[in-house]
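Biologist: I'd like to learn how to read a structure feature by feature. Could you walk me through one?

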Amino acid sequence: MFDLHELYQEIVMDHNRHPRNFRELHGNVSSAEGFNPLCGDEVKIYIRLQDEQISDISFQGSGCAISKASASMLTDTLNGMTIKEAMETFKSFRNMLITPSENRINNELPGDLDVLSGVSQYPARVKCAVLAWHTLDSALHGKKDGVTTE
């Protein structure tokens with residue numbers, strides 16, 4: 001019998017073991033660093049923009065499976081989006097994680113992002129899932145201070 005929970009877990013573990021876009025970008029890029037002191041997750045997001053569109057995006061870092069999978073899914077999903085589309089996706093993703101399921105509006109997210117919806121049941125893990133996204137926000141808006149979940 002098909003188990004949706006197992007499929008979700010398999011996708012998260014695949015992104016953790018084989019992260020997409022796990023590399024440093026060089027040249028004319030924006031970047032930001034993020035840190036989750038609760039479990040030690042560290043991430044650095046690199047973004048290359050061309051005419052308000054993400055022409056390349058990558059990350060480096062270490063951390064738990066949720067943190068790494070979320071960063072991988074972020075880069076896989078947002079590559080090619082405009083800044084506006086990326087920020088709308090960030091807001092929808094964050095809302096999926098912080099809004100109780102009974103109050104959640106069914107916004108379909110692009111790519112594999114929906115598989116992380118179960119993280120919302122574990123508040124400490126939400127910080128792991130959103131770290132890369134807050135770091136993305138800093139990189140897109142040129143914020144120089146490092147991002148922290150605390």
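This is a predicted model: local features need pLDDT of at least 70, side-chain atom pairs count only at pLDDT 80 or more; totals for chains, interfaces and linings use all residues.

Biologist: Is Asn36 buried or exposed?

Modeller: The idea is to compare the relative accessible area with a cut-off, and buried means under 20%. Asn36 has a relative accessible area of 0%, so it counts as buried. Leaving out residues up to four places away in sequence, Asn36 touches Asp41, Lys127, Cys128, Leu131, Thr149 and Glu150.

Biologist: Let me step back to the whole chain. How many helices and strands does the protein chain have?

Modeller: There are four helices and four strands, and along the sequence they follow the pattern α-β-β-β-α-α-α-β. Of the 150 residues in the chain, 41% are buried. For the fold as a whole, look at sequence separation too: among contacts with a separation of 6 or more, 59% are between residues 24 or more positions apart.

Biologist: What should I look for in a nonpolar core, and which residues touch the most other members of the largest one?

Modeller: The largest nonpolar core has 40 residues, and Phe93 and Leu116 touch the most other members. At least two residues of this core come from each of α1 (4-17), β2 (41-50), β3 (53-62), α2, α3 (83-98) and α4. The largest share, 10 residues, is from α4. As for Leu116, its contacts beyond four places in sequence are Val12, Ile66, Ser70, Met73, Phe93, Met96 and Leu97.

Biologist: How do I read a helix such as α4, and where is its kink centred?

Modeller: Begin with length, then check for bends and burial. Helix α4 covers residues 123-140; its 18 residues reach 26 Å from the first C-alpha to the last, close to the 26 Å expected at 1.5 Å a residue. Even so, α4 has a kink of about 40 degrees, centred on Val130. As for burial, 13 of the 18 residues are buried, so α4 is largely enclosed by the rest of the structure. After α4 comes Gly142, with a positive phi near 65 degrees.

Biologist: Let me try the next helix. How many residues of α2 are buried?

Modeller: Helix α2 is mostly covered, with 11 of its 14 residues buried. Among them are Ile66, Ala69, Met73 and Leu74, along with Ser67, Ser70 and Thr75. Its length agrees with expectation too: the 14 residues of α2 (65-78) should span 20 Å at 1.5 Å a residue, and the end C-alpha atoms are 20 Å apart. α2 is followed by Gly80, where phi is positive, near 100 degrees.

Biologist: Are Asp51 and Glu52 buried or exposed?

Modeller: Here the cut-off for exposed is over 50%. Asp51, at 72% relative accessible area, is exposed, and Glu52, at 55%, is exposed as well.

Conventions
Residues are numbered from 1 along each chain as its sequence is written. Side-chain values use heavy atoms; hydrogens and water are left out. The expected span of a helix is 1.5 Å times one less than its number of residues. The bend at a residue is the angle between axes fitted to the seven residues ending there and the seven starting there. Buried means under 20% relative accessible area, exposed over 50%, partly exposed in between (1.4 Å probe, protein chains only). Contact means heavy atoms within 4.5 Å. A nonpolar core is a set of buried Ala, Val, Leu, Ile, Met, Phe, Trp, Tyr and Cys residues joined through side-chain atoms within 4.5 Å.
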